[in-house]
Amino acid sequence: MSEAPERIERHTLSVLVDNEPGVLARVIGLFSGRGYNIDSLTVSEVSAESHLSRITIVTTGTPMVIEQIRNQLARLVPVHRVQDLTVEGYYLERELAMVKVRGTGEARSEALRLAEAFRARVIDATRESFVFEITGKSDKIDQFAHLMEPLGLVEVARTGVVAISRGPTAL
């Protein structure tokens, strides 16, 4: 009797690192060198005084692969802390996207109605096109972009996922 394959899970990792040249390359090298995939990656300085940055990584894998990723990240010298937000409790996750849609007439009106329903803001408008700004979970942005396709979707630019744990404590 063969064993059932392990399920693939999506995890959001928050990694606190030194803000110095080459750190991001080392983290990315860990993923590429072992064949792990990164679905989303964002980096930003979180403390100028302490020279720290937060790298938010969304990745997928079996529970064993996710554990390997966490352990290998924690062993990197410039890494101060690795937090798997997916398993360590409640967290907030958001992404921002700019969505350009070309259209006139009824398609233009429908794009505006959908944007309102999704709470997207018009940040640029011409007679032939709109650029919408939308924030939310990744699946919300995916759904909005999919609905805009038949209305004249031109392109989408996304920031990647940012995430933070809930509650009074910091990473």
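Among contacts in the protein between residues at least 6 apart in sequence, what share join residues at least 24 apart? The share is 72%, where contact means heavy atoms within 4.5 Å.

Hi everyone, and thanks for coming. Before the tour, a word on what we are looking at. This is a predicted model, in which local features need pLDDT of at least 70 and side-chain atom pairs count only at pLDDT 80 or more, while totals for chains, interfaces and linings use all residues. Residues are numbered from 1 along each chain as its sequence is written, and side-chain values use heavy atoms, with hydrogens and water left out.

Let's start with the overall view. The C-alpha atoms of the protein fill a box of roughly 60 × 55 × 35 Å, taken along the principal axes. The protein has 4 helices and 9 strands; these are DSSP runs, numbered from the N terminus, with helices being H or I of at least four residues and strands being E of at least two. Walk along from the N terminus and the order is β-α-β-β-α-β-β-α-β-β-α-β-β. Of the 171 residues, 39% count as buried. Buried means under 20% relative accessible area, exposed means over 50%, and partly exposed is in between, using a 1.4 Å probe and protein chains only.

Now the domains. The protein is divided into domain 1, residues 9-88, and domain 2, residues 92-164, with bounds that come from an automatic or database domain assignment. Their contact takes 9 residues from domain 1 and 8 residues from domain 2. The centres of the two domains, taken over C-alpha atoms, are separated by 29 Å. Between them, domain 1 and domain 2 bury about 570 Å², and 52% of that is on carbon and sulfur atoms. Buried area here is the accessible area, with a 1.4 Å probe, that two parts lose on being put together, summed over both. Which three residues supply 49% of the area that domain 1 buries against domain 2? They are R10, T42 and L85, and they supply more than any other three residues.

You'll find S165 in strand β9, residues 162-165. Leaving aside neighbours within four places in sequence, S165 is in contact with Q83, L85, Y90 and Y91. Its relative accessibility is 19%, so S165 counts as buried.

Next, please find helix α2, residues 63-75. Helix α2 has 13 residues and reaches 19 Å from its first C-alpha to its last, close to the 18 Å expected at 1.5 Å a residue. That expected span is 1.5 Å times one less than the number of residues. The buried residues in α2 are I66, I69, Q72 and L73. Why do they line one face of the helix? Seen down the axis of α2, the buried residues fall within an arc of 130°, so they line one face; the arc is that of the directions from the helix axis to the C-beta atoms. As background, an α-helix has 3.6 residues a turn, so residues three or four places apart point the same way. The buried residues of α2 pack against β1 (9-18), α1 (23-34), β3 (52-61) and β4 (79-84).

Let's zoom in on I69, in that same helix α2. Is I69 buried or exposed? At 0% relative accessibility, I69 counts as buried. Setting aside neighbours within four places in sequence, I69 is in contact with L13, F31, Y36 and T59. I69 and L30 are 39 residues apart in sequence, and their C-alpha atoms are 8.3 Å apart in space.

Now over to the aromatic residues. The structure holds 4 aromatic pairs. Rings of Phe, Tyr and Trp (its six-membered ring) pair if their centres lie within 6.5 Å; planes under 30 degrees apart count as stacked, over 60 as edge-to-face and the rest as tilted. One aromatic cluster is formed by F118, F130, F132 and F144. F118 is in the loop between α3 and β6, and F118 is buried, with a relative accessible area of 13%. F118 and F144 are 26 residues apart along the chain, and 7.2 Å separate their C-alpha atoms. Leaving aside neighbours within four places in sequence, F118 is in contact with I134, K140, Q143, F144 and L147.

R119 counts as exposed, at 75% relative accessibility. Most residues other than glycine have a negative phi. Phi of R119, though, is near 60°, a positive value. H51, in the loop between β2 (38-47) and β3, also has a positive phi, near 55°.
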